[in-house]
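Biologist: I am new to this structure and would like to learn how to read a few of its features. Where do we begin?

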Amino acid sequence: MTEFAAALLYALAWSLARLPWWLLRATADGMARLWIARDAREARVTRRNLELIRPELDPAAREALMAEILRTTLRQTFETLRLWTRPAARNLADIVEVRGEDLFDAALRDARGLIVAAPHMGNWELLNQWLASKTALAILYRAPESRIGEAFLRRVRANAGGEVEQVRAEAAGVRILLKRLQRGGVVGILPDQQPKAGEGEFAPFFGRPALTMTLLGRLAHRSGARVLLCWCQRLPGAGAPKFALHVEAAPEAVAAADPQAAVAALNSGVEAVARRDFVQYQWTYKRYSMQPPDCSDRVNPYIDLY
């Protein structure tokens with residue numbers, strides 16, 4: 001039944017994705033207005049994140065920025081349905097600029113292995129497909145609580161083309177990633193997901209302490225692998241979405257032996273990426289729900305939103 005339900009979800013996604021882009025974009029914008037009118041969870045979380053990291057904005061400016069973020073988020077949702085249900089080769093044609101490809105190709109030739117740090121910026125599903133077109137790789141992911149949801153994600157991500165191994169974020173998965181890196185392989189990690197307590201260190205992110213994974217730094221330190229920041233940025237325009245893909249070297253300290261130094265460097269790199277196009281970063285996520293014990297305000301800043 002799980003696979004059958006996942007197949008039904010895929011059929012629904014395929015049908016929606018075949019609607020003309022102007023209609024999908026209008027639907028996304030309408031849903032954003034509805035989220036705001038109903039004070040939906042996504043609107044509340046985004047507003048709170050802006051209150052936390054953009055305190056200089058007056059309420060009107062904050063609401064306007066929140067509305068832009070929600071429109072962008074929902075447009076990305078419909079973009080992703082198209083990417084998941086079309087051939088990868090067709091999707092790659094939507095990437096009209098690649099900046100830093102020489103850096104990526106050089107890293108592939110390096111026998112030390114490569115870690116791709118892919119923040120929640122722009123469309124990371126299209127980035128996955130570009131990576132798969134360049135090399136075999138393993139992608140670390142956090143499994144959804146729903147078995148149907150996991151089956152659906154495995155089904156759509158199998159459309160990425162190339163050789164992509166999806167590795168669950170658990171102890172056995174970490175060993176798989178390390179072995180791949182030690183053989184000179186490629187690993188993809190979303191570096192800005194809040195880890196479980198005890199699996200990270202706190203470091204500033206947009207001026208506030210954020211619990212940050214130590215896994216990426218440990219893998220880089222133990223394997224000696226290179227670390228690149230990669231993201232797929234949507235370009236402005238009224239027509240069907242087009243993208244610029246970026247590859248940049250991560251700060252060297254992400255591989256530091258000191259976990260605190262490593263996570264500080266990682267957050268610095270991710271923040272620099274997010275500042276490149278603020279509204280394309282995932283601000284509907286509760287990034288600061290855990291606070292350090294010595295913080296003057298240890299209360300979960302989202303607690304009143306539940």
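Modeller: With helix axes: an axis is a line fitted to C-alpha atoms, for helices over the stretch in contact. Two packed helices are described by the angle between their axes and the distance between the axes. Keep in mind that this is a predicted model.

Biologist: How do the axes of helix α9 and helix α10 cross?

Modeller: The axes of α9 (residues 171-182) and α10 (residues 215-223) come within 10 Å, crossing at roughly 35°. The crossing is right-handed. On the α9 side, V174, L177, L178 and L181 make the contact; on the α10 side, L215, L219, R222 and S223 do. By class, six of these residues are nonpolar, one is polar and one is charged.

Biologist: How many disulfides are there?

Modeller: A disulfide needs two cysteine sulfur atoms within 2.5 Å. The count is zero. For C230, the closest cysteine sulfur is in C232, 10 Å away, which is too far for a bond. C230 is buried, at 0% relative accessibility, and C232 is buried with a relative accessible area of 0%.

Biologist: How many salt bridges does the structure hold?

Modeller: There are 20 salt bridges. In one of them, the closest N and O atoms of R75 and D29 are 2.8 Å apart. R75 belongs to helix α4 (residues 59-85) and D29 to helix α2 (residues 21-37), so the pair ties together parts 46 residues apart in sequence. Both R75 and D29 are buried.

Biologist: Which residue forms a salt bridge with R234?

Modeller: E79 does, with the closest N and O atoms 3.0 Å apart. R234 in strand β8 (residues 226-234) and E79 in helix α4 are 155 residues apart.

Conventions: Residues are numbered from 1 along each chain as its sequence is written. This is a predicted model: local features need pLDDT of at least 70, side-chain atom pairs count only at pLDDT 80 or more; totals for chains, interfaces and linings use all residues. Side-chain values use heavy atoms; hydrogens and water are left out. Axes are lines fitted to C-alpha atoms, for helices over the stretch in contact, and angles run from 0 to 180 degrees between N-to-C directions. Helices (H or I, at least four residues) and strands (E, at least two) are DSSP runs, numbered from the N terminus. A crossing is left-handed if the near helix is turned anticlockwise from the far one by less than a right angle, and right-handed if clockwise. Contact means heavy atoms within 4.5 Å. Ala, Val, Leu, Ile, Met, Phe, Trp, Tyr, Cys and Pro count as nonpolar, Asp, Glu, Lys and Arg as charged, and the others, Gly among them, as polar. Buried means under 20% relative accessible area, exposed over 50%, partly exposed in between (1.4 Å probe, protein chains only). A salt bridge is a side-chain nitrogen of Lys or Arg within 4 Å of a carboxyl oxygen of Asp or Glu.
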